Amino acid sequence: MQPDNQVNRQRIGIYGGTFDPIHNGHLKVADAILDAFHLDRILFVPAFVPPHKRKQTISSAFHRLAMLALATADQSRMFVSTVELESPERPYTIETLRRLQAELDHVRLFFLMGADSFRDITMWRDHEKLLTEFDSIVATRPGYLTGEDDAPPIAAHLARDLQDRIIDLRGNRRPVIEHANEMAAPTRIYLTDYVAVDVSATQLRETIARGEAIETGVPKTVAGYIAKYGLYHNSEGVHC
Ligand code: ATP
């Protein structure tokens, strides 16, 4: 029998966002990160956005959740969590991660974000705690984290002690996974560029509003759902 601290722990990725709608950018990033980091699963966590805090029209939580469920239905390692949708007020990411960690004892959580979110992370509540208490994985997006934006250095906006946590895996490099003693290993901020998918939810919503097809940007089931419920067809949006 292995000593307790050498048992392979589960590794779970947490992918938060508005997901209005989920698209192939999210899915391809999730797939690449699952493989590279030997994650057991990824939880997509759609954000609850209270009506009074909406800066733009956002589809109802029910539509966003339904699209996530459809997009991940045939992906055995991808799940959807309603942890934020069930909160009365929009929780900060740090609160969600702590809550999930309390429920998932002995699981190592990896917070996933796109390079645009990483660029803005210092505006997030308690970002130092987020980047210290949990591992983070940053996925490149066309135009970000690609090398051309290396001056100023990609993490220049972070405090020195956070910069020291960075493991730069750009150039398609794989992380070194040490399962033994993993729970005691220090948390890291991994920069990755496994896939660069030029899709955004904003582009997709605009394309639909112009009456054009979006089949290459989202799974077929999601495209069917959007058409069926008439989502994004006008600037007001259709909200149930
Ligand atoms: P919007 O255009 O409405 O801002 P989005 O396409 O950025 O939406 P979100 O739901 O806001 O999608 O994103 C959730 C997370 O996924 C964020 O961390 C974001 O950076 C990341 N992300 C979104 N699209 C991509 C992509 N094509 N490649 C890598 N990361 C992405």
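These legends describe close-up views of a predicted model.

**View 1. The shell around the ligand.** The ligand is surrounded by 18 residues. Gly 17, Gly 25, Gly 114, Ala 201 and Thr 202 are the closest. H1 supplies the largest share, three residues. By class, the shell holds seven nonpolar, eight polar and three charged residues.

**View 2. The open sheet.** Seven strands line up in the order E3-E2-E1-E4-E5-E7-E6. The sheet is open, and its pairing is parallel. Strand E3 (78-80) and strand E6 (166-168) are the edge strands. Each of these two pairs on one side only. From one strand to the next, the twist averages 25°. Strands of a sheet pair through backbone hydrogen bonds, either parallel or antiparallel.

**View 3. The edge at E6.** Edge strand E6 is joined to strand E7 (residues 189-192) by three bridges. The two strands run parallel. Asp 168 has Leu 191 of E7 as its bridge partner.

**View 4. Helix H2 against helix H8.** H2 covers residues 61-72, and H8 covers residues 220-229. Their axes come within 8 Å and cross at roughly 150°. H2 is therefore roughly antiparallel to H8, because angles over 145 degrees count as such. The crossing of H2 past H8 is right-handed. On the H2 side, His 63, Ala 66, Met 67, Leu 70 and Ala 71 make the contact. On the H8 side, Thr 221, Val 222, Tyr 225 and Tyr 229 make the contact. The contact between H2 and H8 has seven nonpolar residues, two polar and no charged ones.

**View 5. The loop between E1 and H1.** Strand E1 spans 10-17. The peptide bond from Asp 20 to Pro 21 is cis, and its omega is near 5°. For comparison, most residues other than glycine have a negative phi, and most peptide bonds are trans.

Terms used. Residues are numbered from 1 along each chain as its sequence is written. This is a predicted model: local features need pLDDT of at least 70, side-chain atom pairs count only at pLDDT 80 or more; totals for chains, interfaces and linings use all residues. A residue is near a molecule or strand if its C-beta atom, placed from the backbone, lies within 6 Å of it. Helices (H or I, at least four residues) and strands (E, at least two) are DSSP runs, numbered from the N terminus. Ala, Val, Leu, Ile, Met, Phe, Trp, Tyr, Cys and Pro count as nonpolar, Asp, Glu, Lys and Arg as charged, and the others, Gly among them, as polar. Two strands pair if DSSP finds at least two bridges between them. Axes are lines fitted to C-alpha atoms, for helices over the stretch in contact, and angles run from 0 to 180 degrees between N-to-C directions. Angles under 35 degrees count as roughly parallel, over 145 as roughly antiparallel, 65 to 115 as roughly perpendicular and the rest as oblique. A crossing is left-handed if the near helix is turned anticlockwise from the far one by less than a right angle, and right-handed if clockwise. Two residues are in contact if their C-beta atoms, placed from the backbone, lie within 7 Å.
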